[in-house]
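Here's a quick tour of a two-part topic: overall build first, then what packs inside. Take a look at the model before reading on.

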Amino acid sequence: MRDEDVIELREPELSAAERLYLPQIWDGVKCTVRHMFSIKLRNETVRQYPEDSRDTRGEVRVANYRGVHRLNKDPDGRVACVACLMCATACPVNCIHIEAGESPWPDREKYPVKFDIDELRCIYCGMCEEACPVDAIELTPQHDLVGRTRDEMIFDKEKLLHIYEETKALKPRKNPAITGYG
Amino acid sequence: MPTIIIDGQEIKCRKGIPVLQAALDAGMNIPHYCYHPGLSVVASCRLCLMEMKMPHPQTRELGWDPKLFPACQTPVKRGMEVRFNSEKVRESQRHLMEYYLLNHPLDCPVCDKAGECNLQDYAEQFGSATSRMVEQKQKNPKKDIGPHTLLYSDRCVLCKRCIRFVAEITGTGEMAVVNRGSRNEIDVFPGMPLDNPLQGNVVDLCPVGALLDKSFLYKQRVWLLRTTKSVSPADSRGQTIFIDHNENGIHRIRPRYNERVNEWWISDEARFGWHHVQREERLDQPRVRNSDGLRPERWEELPQVLRQRMQTTLGEGGGSELALILSPMMSCEEAWLLAKHIREMAPEATLVLGHVPIVGEDRTFPKGFVIKAEKCPNRRGVETIIEHFGGNTSTWSDFLAQAVEGKFKAACVVGGYTEEWVTKEVAAALAKVELLVVHDLFPSALDETAAIQIPSATWAEREGTFMNCDGLIQPFERAIPPLEGVKADGQFFYELAGETGLYRAKKVREMMAAELPQFAEVFIPCDVPRHAH
């Protein structure tokens, strides 16, 4: 713990109007009421989902749509990831958690023992896809992901590999970049 | 102090050092693999080649010599002029980098050295982006060369630093170069694994990812680690270290250069002596004994409970039946705070220096590196503090003998040892004490009789200073927050003494310095820049 790590915090002093809370509440109600009665605003912002979605409108471009992640498999059916943690490093919101281990295959040194992505924390920026040296992690056109708990939305390795199986017909894996003894 | 000219810049340097060292000291980034200030010079990597002004054989006129000289093997002479920024030198560096990368695998994404690798840095700074090599790469094997170390000889650049280290510093000589030509590789002799007590240093010495630490293998990428300056608690010499950690805890320990103690090296005890921080059994809440055994207590209540129990047991008076056992694992600030508070509460309390663990004998290596038999960091500091307070003091063995006779009604025992330390005799003697307060890391035999049990924090979770066996006072910083439920020792003693706010060792040290002037100044070794590894 260095001196610059120590931050002294004090509660800010509230003014008399702020302590009353009523002006803030009034501001909020005003905004809600404005949107309720403006037909123009309503038509601009409301879509009838799922009858009218980006899929039905044909707006989803398979090649570069940034939806749920998948973990690609190599031609032998093994996880393509080499656990280099480049995606976790590039991730601006730290939603990728990888535990690396010694791989059981002779042609590879590392592989991910655990690979978790917190889909709730993710901002779908696609940096992980850019960073990956073996094109193992990719974003798919799937965007309608649902879950009942937060834990359910932390996708593990099996689930991410399963998404690959689901989407590989729609978006096949690109040729991976060469690393290793190239 | 001779003055030399490097790249047109006048530089004052120490006498007799190589030009390379003078350039590195002046903050220049000169590529080098084989040179290390702690080892002998072999000038085999040829990366630090420079141009030098020499007298012309006939005219004796000074001019740039057509030949390049290794900067690591050329000692500085008054008035000499050399340059690294010429086209000739840069071309030589470019060729050499291409040569080093001929057979080097392109596996940086899975290499543990990536991010602190000199081959990576130099390839970027002095090499070119492409390789002209079209043949199949020569692939040397991966080897398990010792209980803690792996050798990936395909990544090796044959700087032979590791070989010189085991020959010169440890004197054990387990490693050598075998085979010839492009099949050159480092290996250990048959039946002679790399297992000397300093062997971990070869991993730090390795400028590339050839020598790897098994306990760190594949664990983390180095750029995700944060580094904290610390002092090792492994022995009484006070080896200075870097603790590399991130939110998942400590990941490794590296040596920190210290000209007065351990230079560039640390012992394996210091390197691997942090696993107790993550042990499952650690105590994680304060507990107080009532009619149905030890029950959890809140930290906020603890000082009050402690004071109350002391009063009921000792009654009014000077507290001559109270003993305070200070552990040599404590920092100077913590020992001073606690001793001061107890003495204010009970002026006649006996101060005791606790158990000092000693294993074997001191071991001295050929170049003077010493591993101490005394496996605690601050025996001398605690002794100084006990001496300063004076009054009733006792040694550990005398205290145990008196405790068996029932001389003490109350005792505060500070432990914090990394290994089990409570022997049968200790437990039997302390069982005679009516009010036993135990402040320790792990459960022990003392828990059966302890009235109050307080969890303590490891050195990586605290801050303070250790006084080493030669009286050198060195500060260490907090690397990681204490285990959940544990309050750092200093913070607890601070609150016990009635202070509020955050415990900062520096603040306490200033208070101490008023009474103990030697604590006014601490020794912090100079920082060595990253490029001058």
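In chain B, 67% of the contacts with a separation of 6 or more join residues 24 or more positions apart; a contact here means two C-beta atoms, placed from the backbone, within 7 Å. This is a predicted model, where local features need pLDDT of at least 70, side-chain atom pairs count only at pLDDT 80 or more, and totals for chains, interfaces and linings use all residues. Residues are numbered from 1 along each chain as written, while chains are lettered from A and ligands numbered from 1 in written order.

Of the 533 residues in chain B, 45% are buried, that is, with 20 or more other C-beta atoms within 10 Å of their own. The C-alpha atoms take up a box of roughly 95 × 50 × 40 Å along the principal axes.

## The nonpolar cores

So what's a nonpolar core? It's a set of buried Ala, Val, Leu, Ile, Met, Phe, Trp, Tyr and Cys residues joined through C-beta atoms within 7 Å. The largest one has 130 residues, and Leu324(B), Leu326(B), Ala411(B), Val413(B), Leu436(B) and Val437(B) have the most contacts inside it. Domain 1 (3-85) and domain 2 (287-520) of chain B each supply at least three residues to this core, with the domain bounds coming from an automatic or database assignment.

Zoom in on Ala411(B): leaving out residues up to four places away in sequence, Ala411(B) touches Ala323(B), Ile325(B), Leu430(B), Val433(B) and Leu436(B). Another core, of 31 residues, lies apart from the largest one, and includes Met86(A), Cys87(A), Cys132(A) and Val110(B).

Key: Buried ≥ 20, exposed ≤ 12 C-beta atoms within 10 Å, placed from the backbone.
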